[in-house]
Structures are given as structure tokens and as C-alpha cells.
Amino acid sequence: MPTERGKLLELAEWCEAAEGPDRELDAQIWLACVPGSTRSELRYWHAAIGKECVIDETRQADGRLIVVPAYSASIDAAMTLVPEGWFCMVANGYDKKGKPCLVKSTAFICPLDNIAGAEPVNATTPALALTAACLRARATE
């Protein structure tokens, strides 16, 4: 089982490789970033199709069923992952050498006292790039 840091980096890599929004990715991010969150399976018989089905449930620490934020689809949801006191920016894609990369979006994130140290993180969409950058930042905290 990966460490907390290892899990966050694994999820960041998943974001960077994703071709678009992914609700399973969103659920895994929620589980990794929200202390006490849990996930369980609810099995039931679906009479219309004549077979057993499974509903994944994600719950808060107090047991309340929640709707997982769409981190991989929404900049607003991804912004909730920015660590307190950190600067972030999302732009058209740039590679590690600062050259334009039109097929990707880029996010930069760093502590406010080290803006010059922001490393670019590339992904297919702005939300995925920002989510990946935030997960990498959380892994360094």
C-alpha cells in the first residue's frame, strides 16, 4: 500500500495522463485528501435488467453520503485543493523549457514565499492540470 505522499503522487500522475474528466479519479482524490472519508459498495438486485448491480458510496467521516467534487472537470472544484498560503496559475500549455505546447494546459503552484520556484504541471485540460499540481503540492507539505 503506498504512503500518503506516494498516493498523492500516483493520483497526480493519473491526472496528467487522463484524456478528460474521470469520476473514479475524483473519488480517489476525495478519499486521499479528506481525512476520515470512506467508500463502500452497496449491492442490490436490479429487476429491470435481471442482475445484481453495485453502487459505490463515498461518505464523510460522520457517515453522511456525499457527492464527490468534480476535481477533474471543474476549475472551481480543483481550486479547493490549493493548499492554504499557496499561489496557483493555469495557462495555455508550456513544456518544461517554457516552449508552447498547444495540446496541453499547464498549472503552476508554489508557496507564496517562493513564486519563482513554481514548476509547470501539464495535463489535457486546465482542471486536470490544476488538480495534478495541487496533489503534487500536497505531497510536499
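Visitor: In which helix is the place of Ile29?
Guide: Welcome! Keep in mind that this is a predicted model. In it, Ile29 has its place in helix α2.

Visitor: Is Ile29 buried or exposed?
Guide: A residue counts as buried when its relative accessible area is under 20%. The relative accessibility of Ile29 is 0%, so Ile29 is buried.

Visitor: How far apart in space are Ile29 and Leu11, C-alpha to C-alpha?
Guide: Ile29 is in contact with residues beyond its sequence neighbours, including Leu11, Cys15 and Tyr71. Ile29 and Leu11 are 18 residues apart in sequence, yet in space their C-alpha atoms are separated by 6.9 Å.

Visitor: At what angle do α1 and α2 pack, and how do they run relative to each other?
Guide: Residues of α1 such as Leu8, Leu11 and Cys15 are among those that meet residues of α2, including Leu25, Ile29 and Ala32. The axes of α1 and α2 are 10 Å apart, and the packing angle is about 155°. Angles over 145 degrees count as roughly antiparallel, so α1 is, relative to α2, roughly antiparallel.

Visitor: Where on α1 do its buried residues lie?
Guide: The buried residues of α1 are Leu8, Leu9, Leu11, Ala12 and Cys15. Viewed down the axis of α1, they fall within an arc of 160°, so they line one face of the helix.

Visitor: What covers the buried residues of α1?
Guide: One part of the cover is the helix we began with, α2 (23–33). The cover also includes β5 (119–123) and α4 (126–140).

Technical notes
Residues numbered from 1 in each chain as written. Predicted model: local features only at pLDDT ≥ 70, side-chain atom pairs only at ≥ 80, totals over all residues. Heavy atoms only, no water. Buried < 20%, exposed > 50% of the residue type's maximum accessible area, 1.4 Å probe, protein only. Helix = DSSP H or I, 4+ residues; strand = E, 2+ residues; numbered from the N terminus. Arc of directions from axis to C-beta. Contact = heavy atoms within 4.5 Å. Axes fitted to C-alpha atoms, helices over the stretch in contact; angles between N-to-C directions. Parallel < 35°, antiparallel > 145°, perpendicular 65-115°, else oblique. Lists of a residue's contacts leave out its neighbours within four places in sequence.
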